[in-house]
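Biologist: I would like to learn how to read the features of a model such as this one, step by step. Could you take me through it?

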Amino acid sequence: MSEAILLDGCSAPASAASAEVSARDARPVLRERGQREVFCGLTGIIWLHRKMQDAFFLVVGSRTCAHLLQSAAGVMIFAEPRFATAIMEERDLAGMVDAQDELDRVVNRLLERRPDIKTLFLVGSCPSEVIKLDLAKAAQRLGAVHMPRVRILNYSGSGIETTFTQGEDACLAALVPVMPALPAGAPKELLIVGSLPDIVEDQFLRLFAQMGIDKVGCLPARNARDLPAVGPNTRYLLAQPFLGETAMALEGRGAQRLDALFPFGAEGTTSWLRAAASEFGVDDALFESVIGPGRERARLALAKLRTQLEGKRISFLPDSQLEIPLARFLQDELGMEMVEIGTPYLHRAHLARELERFGPQVRLSEGQHVERQLDRVREDRPDITVCGLGLANPLEMEGLTTKWAIELVFSPIHGFEQAADLAELFARPLRRRDMLEV
Ligand code: SF4
């Protein structure tokens with residue numbers, strides 16, 4: 001196992017496999033527990049540090065954690081880095097030194113050298129969790145010293161029983177308690193929740209402004225110290241399907257979720273925008289005039305790709321938690337045939353509308369047991385399998401076409417203007433396969 005890539009050795013329980021079909025749920029879901037092959041939550045730092053321009057992420061971890069970050073994010077040569085790993089040595093792990101004192105020393109030195117840091121995240125890892133290093137206590141203690149210049153928060157990016165997008169969820173949930181309060185009598189405000197590339201976020205903000213919804217905040221904000229307010233008059237739209245903990249924290253502060261499809265493809269984006277438009281009383285004619293051109297562009301662009309994807313069979317192995325909304329997009333807007341949709345965690349409330357779209361023939365699975373899932377892929381032989389990096393090469397060797405799930409997280413795929421790019425991510429490997437077969 002390459003430590004920085006495959007985490008089955010350092011993050012997943014190697015317990016005996018068990019799979020069962022739950023009778024409690026409305027539709028059967030195959031539940032699996034066992035060996036997993038996913039990145040850990042530290043991966044989120046790669047996109048979060050680009051999004052929050054004044055934040056610094058200090059991982060309290062091991063050399064493995066440092067390798068993961070460096071190999072996944074690359075080394076910044078021309079800019080001051082905005083993430084680093086405080087490496088726990090053997091004497092920390094053996095309890096021979098006080099890890100809290102060591103951490104104070106590292107943080108104080110970092111903040112002295114880097115006056116540009118306004119928010120510091122102490123990010124927990126498997127090693128810091130194993131020795132039960134209390135990073136919440138550390139954040140509180142160090143915050144008392146460095147506030148107001150620097151706000152210090154903590155969250156866990158550990159790979160123990162988690163998947164990589166949960167790092168963003170944990171980070172955003174850590175921001176919720178420090179969001180300013182929106183007074184009870186204040187007019188309703190909209191909050192977009194989930195990290196989006198700036199270009200996509202700007203497109204959405206423009207559409208909302210054209211509809212007359214101009215009080216729109218984003219979590220995370222581009223400047224982590226410039227957080228939007230939250231309160232009972234906040235209505236929030238989830239831009240990502242993996243933010244269960246953040247949603248719960250927002251609801252704890254009175255915010256209400258607007259139920260919609262996730263904004264992938266022409267239909268998903270329309271549903272997502274419509275949920276806000278209805279809540280904020282936007283007139284139907286105005287809504288149509290604002291979104292009509294973008295939706296039409298997306299439909300036309302997708303029609304060209306539909307010829308390449310229609311009827312193709314696809315399986316998703318559990319990885320990013322984007323699987324269900326992406327599957328709905330590929331099925332409904334491109335005519336692809338779902339064989340299996342595997343997801344690490346299934347948030348039934350947030351995904352209820354998405355789940356309604358699948359017929360009983362579509363196999364849904366939750367959790368991970370990599371061996372069994374691979375066996376099913378070998379038996380099903382779909383045209384394309386969406387999976388983690390570590391599984392793609394072995395499957396390709398067996399003549400199966402794959403798509404790296406992590407690429408979907410790093411690419412701008414939300415909204416009307418990106419709908420065709422999203423479809424293209426699935427069409428390209430199939431074209432390559434066809435060319436190789438000729
Ligand atoms: S946090 Fe855990 S799973 Fe992630 S790189 Fe560090 S040791 Fe491995």
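Modeller: What follows goes from the whole chain to one helix, then to the ligand, and ends with the backbone.

Modeller: Before we start, note that this is a predicted model, in which local features need pLDDT of at least 70 and side-chain atom pairs count only at pLDDT 80 or more, while totals for chains, interfaces and linings use all residues. Residues are numbered from 1 along each chain as its sequence is written.

Biologist: How many helices and strands does the chain have?

Modeller: Helices (H or I, at least four residues) and strands (E, at least two) are read as DSSP runs and numbered from the N terminus. Here the chain has 18 helices and 15 strands.

Biologist: What percentage of the residues of the chain count as buried?

Modeller: A residue is called buried if 20 or more other C-beta atoms lie within 10 Å of its own, exposed if 12 or fewer, and partly exposed in between, with C-beta atoms placed from the backbone. Of the 438 residues of this chain, 47% count as buried. For contacts, the rule is that the C-beta atoms of two residues, placed from the backbone, lie within 7 Å. Among contacts between residues at least 6 apart in sequence, 74% join residues at least 24 apart.

Biologist: Which residues of α9 are buried?

Modeller: Glu-201, Gln-203, Phe-204, Leu-207 and Phe-208 are the buried residues of α9. They cover an arc of only 155 degrees around the axis, which puts them on the same side of α9; the arc is taken over the directions from the helix axis to the C-beta atoms. The face turned away from that buried side carries the exposed residues Asp-198, Ile-199, Asp-202, Arg-206 and Ala-209.

Biologist: What do the buried residues of α9 pack against?

Modeller: Their partners are β7 (189-193), β8 (216-219), α11 (265-279) and α12 (284-309).

Biologist: What span should helix α9 have?

Modeller: The expected span is 1.5 Å times one less than the number of residues. For the 13 residues of helix α9 (residues 198-210) this gives 18 Å, and the end C-alpha atoms are 18 Å apart, which agrees. Just after α9, Gly-212 takes a positive phi of about 90 degrees.

Biologist: Which residues does the UniProt annotation "binding site" cover?

Modeller: UniProt positions are given in the numbering used here, with shortened feature names, and annotations may be inferred rather than shown by experiment. In this unreviewed entry, the annotation "binding site" covers Cys-40, Cys-65 and Cys-126. Although spread over 87 residues of sequence, they cluster in space, the largest C-alpha distance being 9.4 Å.

Biologist: Are Cys-40 and Cys-126 buried or exposed?

Modeller: Cys-40, found in the loop between β2 (30-33) and α2 (44-51), is buried, with 26 other C-beta atoms within 10 Å. Cys-126, whose place is in helix α6 (residues 126-130), is buried, with 21 other C-beta atoms within 10 Å.

Biologist: Which residues around the ligand come nearest?

Modeller: A residue is near a molecule if its C-beta atom, placed from the backbone, lies within 6 Å of it. Of the 15 residues around the ligand, Cys-40, Cys-65, Ser-125, Cys-126 and Gly-159 come nearest. The helices α1 (8-11) and α3 (63-73) each supply at least two residues of the shell, and α3 gives the most, with three.

Biologist: How many residues of each class does that shell have?

Modeller: Ala, Val, Leu, Ile, Met, Phe, Trp, Tyr, Cys and Pro count as nonpolar, Asp, Glu, Lys and Arg as charged, and the others, Gly among them, as polar. By class, the shell around the ligand has seven nonpolar, eight polar and no charged residues.

Biologist: What is the phi of Lys-132, and what is that of Gln-321?

Modeller: Phi of Lys-132 is near 55 degrees, and this residue is exposed, with 7 other C-beta atoms within 10 Å. Gln-321 has a positive phi of about 75 degrees although it is not a glycine, and Gln-321 is buried, with 25 other C-beta atoms within 10 Å.
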